[in-house]
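Colleague: I would like to learn how to read a model like this one. Can we go through it feature by feature?

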Amino acid sequence: MKKLILPIFILALGFNAGTVFAQDEDMAAEFDGDKEKAESTQKVESEDLKRLSEARKSRSEGAIVKAASQILAKDFNNTEALNTLAVFYAETKRYGMAKILLRRALKANPNEPALHNNLGVIFLIENEPRLALDSFRKSTQLKSDYRIGATNLASIYLEHRDYNRSLAPLEDSYKATKSDLSRGADFAVEIANNYAVALMGVGENSKAQDVFEKILDSNTRRLAPYLNYAILLTDVLKKKKDALRVLSKLKLISDEREIQRQTQELEKRAQE
C-alpha cells in the first residue's frame, strides 16, 4: 500500500475555540513600534479585528502586516494580532519570525492554549518532538477541552503509528467539530483526516470511508484527505471506481507537480 500522508498538525488561528521577507530581527523591530507609546494601551475596536480577519482570509502579507500593525500600535501585546502574524509566517516557512512573535505573545498571555499549541507545531517542524510534546500538553493542561491541542497531541502518537493510543482523543475531537466540518473549516477537516487515518490503522476501514466522505462533502481544498482516501479505496477496499472519482476531484483542485505525480500513480493502480 502506498504510504499515507499523516498526520496533519493544526495551527490555531482563533481563540476560545489558526515576496521577499525582511530578516527576523528587522521584522521584529517593525512590529515593536514605539514601546513608550504602547505603554498606554488603547482600546482595540471590533473593526480593527474585523480588518485583521479579512486580511487573514486574503493570505496577503501586506494586508496582514498592515492590519496587525494597526492593532499593535494600540495594544503592544495584542494576542490575536501577534498570533495571526505568527501563523502567517509559520505557513510561509518563516519559523524564526513565527517563534519570536509567539514568545512575545506568551510573555504577555502565558495561559492562552492556542499560543502553546502553535509553538508546538513549529517545534515539530524543526524536529524537536520533545519540546512539541511539552507544548501540546501545556495547551491541554490550561484548557482540558482544548480540541486542537488534544488533536495534535494524539497526532504525535499517530505519526509514530501508535494508532490505538491516538484513536480515542481523535474520535472525541472529531465528534466535537462535526458542525465545523460540515462548513469546511480547515481545522475540522484536519481533525477528520487524522481520525480517518487512525481508523485505517486499527482496521476500521468502513468507518474511515464514512469519515472521508464527510470530508469530501465539505468541499475542502485540503489535499491530504483526497490522497489518503484514494489510497484507502484503491489499495485496501479495492473500490477502484470510487477511487477514480476521488482522484478526478483532486486533479481539479491542485496542479502541483508532486500531487499530479501521485495522482497518476494511484490512477494507474486503480485501472489495473
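Modeller: Start with the elements. Helices are DSSP runs of H or I with at least four residues, numbered from the N terminus. The model is predicted, so keep that in mind throughout.

Colleague: How many helices and strands are there in the chain?

Modeller: There are 16 helices and zero strands. The chain has 272 residues, and 50% of them count as buried. Its accessible surface comes to about 13,800 Å². Carbon and sulfur atoms account for 46% of that surface.

Colleague: Let us take loops next. Where is K93?

Modeller: K93 sits in the loop between helix 5 (79-91) and helix 6 (95-108).

Colleague: Is K93 buried or exposed?

Modeller: Exposed means over 50% relative accessible area. K93 has 64%, so it is exposed.

Colleague: And what is phi of K238 near?

Modeller: Phi of K238 is near 60°, again a positive value in a residue other than glycine. K238 lies in the loop between helix 14 (223-236) and helix 15. With a relative accessible area of 55%, K238 is exposed.

Colleague: Which residues in helix 12 meet which residues in helix 14?

Modeller: From helix 12, the residues are V189, N193, V197 and M200. They meet A224, P225, N228 and L232 in helix 14. By class, the residues of this contact are six nonpolar, two polar and no charged.

Colleague: What is the angle between helix 13 and helix 15?

Modeller: Helix 13 (residues 205-217) and helix 15 (residues 240-253) pack at about 30°. Their axes are 13 Å apart. That angle is under the cut-off of 35 degrees. Helix 13 and helix 15 are therefore roughly parallel to each other. Helix 13 passes helix 15 in a left-handed crossing.

Colleague: Which residues in helix 13 and helix 15 meet?

Modeller: Helix 13 brings Q209, E213 and L216. Helix 15 brings D242, R245, V246 and K249. The residues of this contact divide into two nonpolar, one polar and four charged.

Colleague: What is S139 in contact with, leaving aside its neighbours within four places in sequence?

Modeller: With those neighbours left aside, S139 is in contact with P113, H116, N117, Y146 and G149.

Colleague: And where is S144 found?

Modeller: S144 is in the loop between helix 8 and helix 9 (147-159). At 71% relative accessibility, S144 counts as exposed. S144 and P113 are 31 residues apart along the chain, and their C-alpha atoms are separated by 9.8 Å.

Colleague: Is E267 buried or exposed?

Modeller: E267 is buried, with a relative accessible area of 15%. Leaving aside its neighbours within four places in sequence, E267 is in contact with L244, L247 and K251.

Colleague: How does Q260 count at 21% relative accessibility?

Modeller: As partly exposed, the class between 20% and 50%. Leaving aside its neighbours within four places in sequence, Q260 is in contact with K251, S254 and D255.

Colleague: How far apart in space are Q260 and L247?

Modeller: They are 9.7 Å apart, C-alpha to C-alpha. In sequence, Q260 and L247 are 13 residues apart.

Conventions: Residues are numbered from 1 along each chain as its sequence is written. This is a predicted model: local features need pLDDT of at least 70, side-chain atom pairs count only at pLDDT 80 or more; totals for chains, interfaces and linings use all residues. Side-chain values use heavy atoms; hydrogens and water are left out. Axes are lines fitted to C-alpha atoms, for helices over the stretch in contact, and angles run from 0 to 180 degrees between N-to-C directions. Helices (H or I, at least four residues) and strands (E, at least two) are DSSP runs, numbered from the N terminus. Angles under 35 degrees count as roughly parallel, over 145 as roughly antiparallel, 65 to 115 as roughly perpendicular and the rest as oblique. A crossing is left-handed if the near helix is turned anticlockwise from the far one by less than a right angle, and right-handed if clockwise. Contact means heavy atoms within 4.5 Å. Ala, Val, Leu, Ile, Met, Phe, Trp, Tyr, Cys and Pro count as nonpolar, Asp, Glu, Lys and Arg as charged, and the others, Gly among them, as polar. Buried means under 20% relative accessible area, exposed over 50%, partly exposed in between (1.4 Å probe, protein chains only). Accessible areas come from the Shrake-Rupley method with a 1.4 Å probe; for residues, only the protein chains shown count as cover.
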